[in-house]
Amino acid sequence: MAIITISRQVAALGDEIATVVAQRMNYAFIGRQAIEQRIIELGFPSDKLKKYDERKPGFFASLAKDRDEYLDYLQTAVLEAAGQQNCILIGRGSFAILEELPNLVSLRFVAKDDIRRQRLMKEFSWDEKQATQRITESDANRLGFHKSFFNLSNEEPSHYHLVMNTGLLDVDSASEIIVTFCRQMVSPEKEAVGRKKLDELIKAQHLVNTLVFEHKINVSFLKAVIYDNKVILQGVADSIAVAEKAVGISSSIMEGYTVESAISVVQDFKSYP
């Protein structure tokens, strides 16, 4: 049926609700550790993960080539996970990565600061200052992460099908609403179209990974978009020759597709190593 993504504030019961919904719908719950592990398996160094994973990168980290590589691996991990269908993904911008899927149900969980503070104090035996600091840091990091990698605010309600206040709804009530909503929203027709679109997204991401990691094509912010039988390459390169090379390699890989370049050429453009 659906692919469910969850965005949540810290201490807004996102993991708890996701666990219950997964059990009730017999869905796979793909949490933080599974995505992190897949990113590392794909080739991103584990010691660099903490610079980027659901946090705002520092100034130099945001300019480094590692930033693009992390995003490529993250998108690959999320798309592969979504390929299981009937799954719940939590955090890591999954709602943005999968937003084109018609069978996507994107959810966000929030609660007032006072409620979140009390939950953290109870769970970790923290004082009020410690809990407040955790809320402030977490909210800022998640906001910065989404702005840096997806150029959007994760706090904007229009990105989601439902935004739920878990200060007013308990886990069981929220879970019941979600299960009913998913069954009403996602038809077999939407699921079929979603599978086709997801296959295109996976194919496009694998092309990007091949160009970047195997052929070392130096195009920053490289993205491939598939429309029917056409592939459009986007990004920023420092020469026309680089863009043309990317098109040539892509054409040899994507048999049966027409490959076009929408890569911007900026002379002397360099990212930090």
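Start with strand β1, residues 3-8: six of its six residues are buried, so β1 is largely enclosed by the rest of the structure. Buried means under 20% relative accessible area, with exposed over 50% and partly exposed in between (1.4 Å probe, protein chains only). Strands (E, at least two residues) and helices (H or I, at least four) are DSSP runs, numbered from the N terminus.

This is a predicted model: local features need pLDDT of at least 70, side-chain atom pairs count only at pLDDT 80 or more, and totals for chains, interfaces and linings use all residues. Residues are numbered from 1 along each chain as its sequence is written, and side-chain values use heavy atoms, leaving out hydrogens and water.

**Around β1**

Show the side chains of β1. Ile 3, Thr 5 and Ser 7 point one way; Ile 4, Ile 6 and Arg 8 point the other way. Strands pair if DSSP finds at least two bridges between them. Look for Ile 4 opposite Ile 88 in β3. Next select β4, residues 104-110, which is parallel to β1 and joined to it by six bridges. Here Thr 5 stands opposite Ser 106.

**Helix α2**

Select residues 32-42. Which residues of α2 are buried? They are Ile 35, Glu 36 and Ile 39. These lie on the same side of α2, because they cover an arc of only 100° around the axis. The arc is taken from the directions from the helix axis to the C-beta atoms. An α-helix has 3.6 residues a turn, so residues three or four places apart point the same way. Show the cover over the buried residues of α2: it includes β2 (28-30), α3 (46-52), α5 (65-82) and β3 (87-90). Then step to Gly 43, which follows α2 and has a positive phi, near 130°.

**His 146**

Go to helix α8, residues 128-150, and pick His 146. It is buried, at 4% relative accessible area. Its side chain reaches the backbone oxygen of Arg 142 at 2.7 Å. Leaving aside neighbours within four places in sequence, His 146 is in contact (heavy atoms within 4.5 Å) with Gly 93, Phe 95, Asn 151, Leu 152 and Asn 154.

**The cores**

Finish with the largest nonpolar core, of 54 residues. A nonpolar core is a set of buried Ala, Val, Leu, Ile, Met, Phe, Trp, Tyr and Cys residues joined through side-chain atoms within 4.5 Å. Select Leu 74, Leu 98 and Leu 233, which have the most contacts inside this core. Apart from it lies another core, of 23 residues, including Val 21, Val 179, Phe 181 and Val 186.

Notes
A polar contact is a pair of N or O atoms within 3.5 Å; within protein, one must be able to donate a hydrogen and the other to accept it, and residues adjacent in sequence count only if both atoms are side-chain atoms.
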